[in-house]
Structures are given as C-alpha cells and as structure tokens.
Amino acid sequence: MTAPVLVLAVGNPSRGDDALGPRLARRLEDWLAREGIADVEVVTDMQLNVEHALDLEGRQRVLVVDAAASGDAPFGLTAVEPRHDSSYSTHSVSPQAILQVYHDLGLREPPPTELLAVRGASFELGEALSPAGRRHLEMAWMFLQDWCRRAGRATIPA
C-alpha cells in the first residue's frame with residue numbers, strides 16, 4: 001500500500017549545503033521508524049527528475065525538501081502548483097514541473113504539495129555543511145517533525 005504522505009528530499013551530499021535535503025531525509029526515516037509512523041514515505045534523490053511524477057500517485061499530501069541558495073532563512077515553506085516551466089532538461093526538473101507532468105499524464109489532480117526550502121550558504125563540491133547550514137538544518141528538523149505529525153493526522157479517514 002502506498003503511504004498517503006510523501007516527503008521527497010533532493011540534494012547532492014557532496015556539495016556542502018546542498019546535502020540539507022538528504023540529511024533531513026535520513027534523520028526523518030530514523031525518526032519515523034522510532035515513532036512507528038507508517039503513513040509517511042521518504043524518497044531521496046540527487047535532483048528532481050520527470051520520473052518523480054509517478055511517486056505522486058496515490059498520495060494525499062507531498063512535501064519537497066531542498067536546499068536553497070536564496071530566500072528565507074532558516075527556511076521557507078511555499079505551496080507548489082502545477083506549471084509548465086523551462087526546467088525540463090536532462091539535469092533537473094522543478095517541483096512545479098513535476099506536478100504539471102503528473103497532471104498531464106491524466107492520473108488525477110496532483111496532491112497538495114509544498115516546498116520546504118532550507119537556506120544554505122555554501123554549495124561547493126567537496127565542502128562540508130556550513131555553520132549556517134547546520135543551524136538551518138536544526139530549525140528545519142523541528143518544523144519537519146511537526147509537519148509530518150500534522151500531515152499524518154490529516155490523512156486519517158474520519
């Protein structure tokens with residue numbers, strides 16, 4: 001059975017603060033197992049690809065977790081709506097484009113989706129997390145736990 005909630009974390013663990021998404025995902029998987037929360041699935045990848053549209057099937061709610069080089073610090077949360085954009089490439093696809101692909105496949109309306117953009121400071125190959133990235137990761141972690149608790153309760157049928 002497909003878990004009703006999907007957390008889709010993206011980032012390159014070899015590029016400094018770009019590892020924020022995968023680091024949060026690993027921590028989340030351990031926490032979900034300890035808490036016995038089975039209605040949240042975590043998928044981690046280096047970047048979003050068009051194939052991730054298929055991961056949305058059967059979901060009631062989705063959270064994309066990624067590092068951001070700009071925007072709110074320590075993190076920002078925004079709703080994601082389907083949209084054609086110029087991100088279609090062999091390199092990466094935006095969350096909006098993933099939702100648009102899902103919609104275009106005619107599967108159903110995409111599930112409500114949000115983007116948790118954790119502010120990073122250093123994205124160089126071979127770098128460790130920056131001090132700012134570490135602080136932002138900890139603040140995002142507290143938010144992520146709460147988001148998963150609320151998302152899980154919201155998907156339980158009445």
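Tutor: Trp31 is buried, with a relative accessible area of 4%; buried means under 20%, exposed over 50% and partly exposed in between, with a 1.4 Å probe and protein chains only. The model is predicted, so local features need pLDDT of at least 70 and side-chain atom pairs count only at pLDDT 80 or more, while totals for chains, interfaces and linings use all residues. Residues are numbered from 1 along each chain as its sequence is written, and side-chain values use heavy atoms, with hydrogens and water left out.

Now the ring of this side chain. Rings of Phe, Tyr and Trp (its six-membered ring) pair if their centres lie within 6.5 Å; planes under 30 degrees apart are stacked, over 60 edge-to-face, and the rest tilted. That rule gives two aromatic pairs.

Phe75 and Phe143 are tilted, with 5.2 Å between centres and 40° between planes. Phe75 is in strand 4 (residues 75–80) and Phe143 in helix 3, 68 residues apart. Phe143 counts as buried at 18% relative accessibility.

Back to helix 1. Its buried residues are Leu20, Gly21, Pro22, Leu24, Ala25, Leu28, Trp31 and Leu32. An α-helix has 3.6 residues a turn, so residues three or four places apart point the same way. The 16 residues of helix 1 should span 22 Å at 1.5 Å a residue, and the end C-alpha atoms are 22 Å apart, which agrees; the expected span is 1.5 Å times one less than the number of residues. Gly36, with a positive phi near 70°, follows helix 1.

As for the setting, the chain has three helices and five strands, in the order β-α-β-β-β-α-β-α along the sequence. Of its 158 residues, 49% count as buried. Among contacts (heavy atoms within 4.5 Å) with a separation of 6 or more, residues 24 or more positions apart account for 77%.

Note on methods:
Helix = DSSP H or I, 4+ residues; strand = E, 2+ residues; numbered from the N terminus.
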